[in-house]
Amino acid sequence: MSNYTVERIKVATPDKVELMTKVFKPNEEIKDNLVVVLVHPYSILGGRQALLKGIASGLAQNGHRAVTFDMRGVGESTGRASLTGFAEVKDVIAVCNWVSEHLDSHRILLVGSSAGAPIAGSAVDQIEQVVGYVSLGYPFGMMASILFGRHHKAILLSSKPKLFVMGTRDGFTSVKQLNNKLSSAAGRNEIHLMEGVSHFEMEGPAYDAEMVKLILKFISSL
């Protein structure tokens, strides 16, 4: 028997998009009022909230509420996916506002996976309740920057605590590119490198438990 429950709800954005959202709640005592909101990989390449179920359930099993959602144009969510992810920033803000209001949380940790990382990063300073940010494979590299380059500035200028997790064999961003980007970033910036792991490997279920551990450790430092 599972030691967490999942509630399905729909969250409306200001531009009238409805986002299918899932709230993972521990059955036992909730550790604190911090809620983790997870942002899935690139919609156009098949990104969806189901890819984050392992991490969300792992967090719930460790006493933290976690929220996943399908961004616009994905699954049962209405609207259309955008190429560069700027429309999806509105989705992140809408879900965080819902969390703050309906889950009575004044502390949110934003976690973005792959292209979800730049999208979440653009929302961080637009949401007062966000107290920290975790990137799982931020695509900082040159080719990915054609699509997501305009998102970089927002997260690099944010003074909120940040953790960047990346595989050393990430095909989109080299370790050198990551270090160069973060060398001038504001606030507290932590890097955790997964030795010998590729971008899509790290997104897979085999690394969910490791991602949960890293997120829990980061939460304890906030």
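**Points on the predicted model**

1. Asp104 counts as exposed, because its relative accessibility is 53% and the cut-off for exposed is over 50%. The model is a predicted one. Asp104 is placed in the loop between α2 and β5, and its phi is positive, about 50 degrees, although the residue is not a glycine. Most residues other than glycine have a negative phi.

2. Lys16 also deserves attention. Its phi is near 65 degrees, a positive value in a residue other than glycine. Lys16 sits in the loop between β1 and β2 and is exposed, with a relative accessible area of 74%.

3. Helix α2, which Asp104 follows, covers residues 86–102 and has 17 residues. From its first C-alpha to its last, α2 reaches 25 Å, close to the 24 Å expected at 1.5 Å a residue.

4. Which residues of α2 are buried? They are Glu88, Val89, Asp91, Val92, Ile93, Ala94, Val95, Cys96, Trp98, Val99 and Ser100. The cover over these buried residues includes the strands β1 (4–12), β2 (18–26), β3 (34–39), β4 (65–69) and β5 (107–113), together with helix α3 (116–123).

5. Val36 has Ala66, in β4, as its bridge partner.

6. A search of the whole structure finds 7 aromatic pairs. In the pair of Tyr42 and Phe148, the ring centres are 5.2 Å apart and the planes lie at 85 degrees, so the pair is edge-to-face. Tyr42 belongs to the loop between β3 and α1 (53–61) and Phe148 to helix α4 (residues 142–148), so the pair ties together parts that are 106 residues apart in sequence. Tyr42 and Phe148 are both buried.

7. Which residues do ring pairs link into a cluster? The cluster consists of Tyr133, Tyr138, Phe140 and Phe164.

Key: Residues are numbered from 1 along each chain as its sequence is written. This is a predicted model: local features need pLDDT of at least 70, side-chain atom pairs count only at pLDDT 80 or more; totals for chains, interfaces and linings use all residues. Side-chain values use heavy atoms; hydrogens and water are left out. Helices (H or I, at least four residues) and strands (E, at least two) are DSSP runs, numbered from the N terminus. The expected span of a helix is 1.5 Å times one less than its number of residues. Buried means under 20% relative accessible area, exposed over 50%, partly exposed in between (1.4 Å probe, protein chains only). Contact means heavy atoms within 4.5 Å. Two strands pair if DSSP finds at least two bridges between them. Rings of Phe, Tyr and Trp (its six-membered ring) pair if their centres lie within 6.5 Å; planes under 30 degrees apart count as stacked, over 60 as edge-to-face and the rest as tilted.
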